[in-house]
Amino acid sequence: MSPNHLLILFFFISASKSILQIPEIPQFPRNSPQYNQYPFCNTSLRIATRAKSLISLLTLQEKIQQLPDNASAIPRLGIPAYEWWSESLHGIATNGPGINFNGTMPLATSFPQVIVTAGSFNKTLWSKIGPAVATEARAMYNYSQAGLTFWAPTINLFGDPRWGRGQESPGELDPMLVSAYAIEYVKSFQSGKWDGEGGDDGFVFGEKRALKGEGDQSDDDEGLTLYACCKHLIAYDLEKWKNFSRYSFNAVVLN
């Protein structure tokens with residue numbers, strides 16, 4: 001059975017459990033006459049224009065409240081609270097607070113760990129895993145069980161097993177492999193239009209690449225299914241070791 005058949009079977013089983021359930025539609029300010037007069041609600045404007053409009057309306061305190069992963073609601077503008085932290089490293093995972101499997105979508109496909117997948121050196125495989133994960137992620141968002149922003153892929157260079165969590169990375173100190181994996185996963189996960197110089201969609205190392213929107217003249221990332229966030233900063237890996245945590249430990253990285 002092919003991966004596509006498995007994916008279709010998954011959605012059939014999930015839907016059959018609650019075929020009469022209607023997904024809860026998120027309440028966006030553009031759907032309310034109380035807020036839809038604001039320029040940031042005007043979907044005919046470019047995303048950059050709408051973002052500038054929204055930011056210009058925020059107070060300093062409201063901007064600060066948007067800095068954590070669990071961004072606060074802004075009731076006076078109709079902006080709902082949002083959890084930025086959802087995980088999709090090799091499938092939708094529960095270790096992100098933005099994910100909830102207690103609903104119509106009770107499970108998701110888990111692909112092999114990234115270090116195994118990257119070891120195949122198969123860009124076609126990588127580009128097929130991305131949209132498979134994204135399809136499930138978008139379905140979960142449609143049923144209010146996930147957000148639209150996912151923290152993946154990991155692009156750390158895994159140089160020493162003592163760093164920990166090496167299975168999340170594409171491999172050892174090979175920046176070419178890591179960058180190739182990241183490009184294939186991100187572009188296929190986000191389902192955006194990627195064009196290199198000369199309009200060639202084929203990947204070439206060292207080639208300039210830009211994420212384009214739906215219109216040829218647009219430099220916005222409109223039309224994306226989801227957003228991928230590459231991670232992490234170097235030396236991030238310490239996890240609750242003895243009396244230390246990665247949020248307070250002062251890591252001194254030696255060359």
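Predicted model: local features only at pLDDT ≥ 70, side-chain atom pairs only at ≥ 80, totals over all residues.
## A walk through the model

**Stop 1: the whole protein.** What share of the 255 residues is buried? The buried ones make up 35%. Now think about who touches whom: among contacts with a separation of 6 or more, 55% are between residues 24 or more positions apart.

**Stop 2: two crossing helices.** Select residues 123–142, which are helix α5, and residues 175–190, which are helix α6. Their axes come within 7 Å and cross at roughly 40 degrees. The crossing of α5 and α6 is right-handed. Next, show side chains to see who makes the contact. On the α5 side, pick Lys 123, Trp 126, Ser 127, Gly 130, Pro 131, Val 133 and Ala 134. On the α6 side, pick Leu 177, Ala 180, Tyr 181, Glu 184, Tyr 185, Ser 188 and Phe 189.

**Stop 3: a nonpolar patch.** Go back to the surface and select Leu 60, Ile 64 and Leu 67. Together these three form a nonpolar patch with about 350 Å² of accessible area. Zoom in on Ile 64, which sits in helix α3, residues 60–65. Why does Ile 64 count as partly exposed? Because its relative accessible area is 42%, and partly exposed covers the range between the buried cut-off of under 20% and the exposed one of over 50%.

Conventions. Residues numbered from 1 in each chain as written. Heavy atoms only, no water. Patch = residues over 30% accessible without salt bridge, like charges linked within 9 Å, V, L, I, M, F, W, Y side chains within 5 Å. Areas by Shrake-Rupley, 256 points an atom, 1.4 Å probe, with all protein chains shown as cover. Salt bridge = Lys/Arg side-chain N within 4 Å of Asp/Glu carboxyl O. Helix = DSSP H or I, 4+ residues; strand = E, 2+ residues; numbered from the N terminus. Buried < 20%, exposed > 50% of the residue type's maximum accessible area, 1.4 Å probe, protein only. Axes fitted to C-alpha atoms, helices over the stretch in contact; angles between N-to-C directions. Left-handed = near helix turned anticlockwise from the far one by under 90°. Contact = heavy atoms within 4.5 Å.
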